[in-house]
Amino acid sequence: AAATVWKEFDKSKVYMADLESGLHFLLRIELASHQTLEGKELETFKDFVTVIAKLFPGQQPVVKLLETLLEWLVSLPLDRIPYDAILDLVNNKMRISGMYLTNKLEWVGCQGSQPALRRYPCSLWTLFHTLTVQAAERPDALANTGLEENAQAVLQTMRRYIGSFFGCQECGRHFEEMAKESMDQVTTHNEAVLWLWRKHNTVNNRLAGALSEDPQFPKTQWPTPDLCPACHEEVEGLHAWNEKEVLAFLKRHYGASNISPKYTA
Ligand code: FAD
């Protein structure tokens with residue numbers, strides 16, 4: 001295999017190349033192991049596409065592709081959909097103008113020092129955080145979709161996607177345990193952003209030092225003080241998070257204006 005070229009990047013930014021590569025992987029590789037979608041899986045996939053079509057803060061051709069996929073899924077009178085039909089649409093076989101999703105894996109903020117490290121799982125976390133922040137910034141975006149007026153909409157939809165489709169099944173089981181414990185206590189969009197941040201740190205803590213850790217990207221409690229000094233406090237000699245600052249930081253970091261288009265087509 002050709003050596004991958006290291007790409008310069010700024011860890012205080014989110015890269016659209018990671019989000020698009022993640023969607024490419026999800027729609028063309030991860031989903032391909034399901035020959036037909038039906039029943040609960042089909043409902044889960046439809047809700048997932050609803051969330052990304054309405055909330056993905058992407059380039060116009062990608063958003064148009066997601067919106068077209070959603071319209072097609074919603075209008076279809078079938079209760080079973082062959083994966084190949086989804087793939088034809090994602091590949092734009094009908095040649096509808098102005099819609100396109102990259103078919104390359106171009107990892108930037110999610111590049112790993114070895115092929116088995118980081119990459120897609122990193123991009124799925126990044127997508128997930130980006131979507132919770134978009135839901136908080138644009139609470140009306142899900143109007144008339146059946147998912148509106150629900151502060152848990154993104155969390156519950158991603159939970160079901162991860163449970164049914166995420167290729168790392170062990171990850172899915174771990175995530176489900178955390179979700180069962182406390183996801184239903186989330187009542188506002190801001191709490192959803194913070195819930196996901198907290199649980200991601202729980203995962204980081206569990207995985208620190210594990211074989212899946214990229215030595216170039218050690219698992220930490222995030223954001224580190226260099227990224228957000230105000231997020232960290234000391235209370236009676238012990239470390240504490242300032243959650244108000246963390247929330248503001250997450251909204252900035254995963255907000256649309258912090259997503260860099262560098263390395264995208
Ligand atoms: P990641 O943890 O993937 O994080 C990506 C980026 O998000 C980081 O580079 C950082 O910029 C940012 N970030 C880090 N922490 C936070 C935070 N708390 N809040 C917001 N942003 C943050 N692997 C396993 O081996 N076992 C598991 O059980 C497991 N469960 C997983 C469950 C889910 C839902 C997902 C999506 C992945 C899971 N993984 C699991 C994979 C693992 O969490 C990492 O994604 C993978 O090891 C790659 O790590 P990474 O260094 O790229 O950082």
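1. Two strands are said to pair if DSSP finds at least two bridges between them. The model under review is a predicted one.

2. Strand β4 covers residues 232-235 and strand β5 covers residues 238-241; the two run antiparallel and are joined by four bridges. Within this pairing, H232 has W241 of β5 as its bridge partner. Further along, E234 stands opposite H239 in β5. As a general point, the side chains of a regular strand alternate between the two faces of the sheet.

3. The turn of this hairpin also deserves attention. Two residues lie between β4 and β5, and in this hairpin E236 takes a positive phi near 50°.

4. N92 is not a glycine, yet its phi is positive, at about 55°. This residue, N92, belongs to the loop that connects α4 (83-90) with α5.

5. Where in the chain is P223 found? P223 is part of the loop between α8 and β4. The peptide bond that leads from W222 to P223 is cis, and its omega is near 0°. The student may wish to locate this bond in the structure above.

6. The remaining points concern the ligand. The ligand sits in the largest pocket. Around the ligand there are 22 residues, of which R118, W125, H174, H200 and Y254 come nearest.

7. Which helices each supply at least two residues of the shell around the ligand? They are α5 (120-137), α7 (169-182) and α8 (189-207). Helix α8 gives the largest share of this shell, namely seven residues.

8. Sorted by class, the shell around the ligand consists of 13 nonpolar residues, six polar residues and three charged residues.

9. A polar backbone atom of W197 is 3.0 Å from a nitrogen atom of the ligand. A nitrogen atom of the ligand also lies 3.0 Å from a polar side-chain atom of N201. In the case of K219, an N or O atom of the side chain is 3.0 Å from an oxygen atom of the ligand. As for burial, the ligand taken alone exposes 940 Å², and the protein buries 90% of that area.

Technical notes. Residues numbered from 1 in each chain as written. Predicted model: local features only at pLDDT ≥ 70, side-chain atom pairs only at ≥ 80, totals over all residues. Heavy atoms only, no water. Near = heavy atom within 4 Å. Polar contact = N/O pair within 3.5 Å; in protein donor to acceptor, adjacent residues only side chain to side chain. Areas by Shrake-Rupley, 256 points an atom, 1.4 Å probe, with all protein chains shown as cover. 1 Å grid on protein atoms, 1.4 Å probe; cavity = no way out; pocket = protein on both sides within 12 Å on 5 of 7 lines; lining within 4 Å. Sits in = over half its atoms within 2 Å of the grid points. Nonpolar A, V, L, I, M, F, W, Y, C, P; charged D, E, K, R; others polar.
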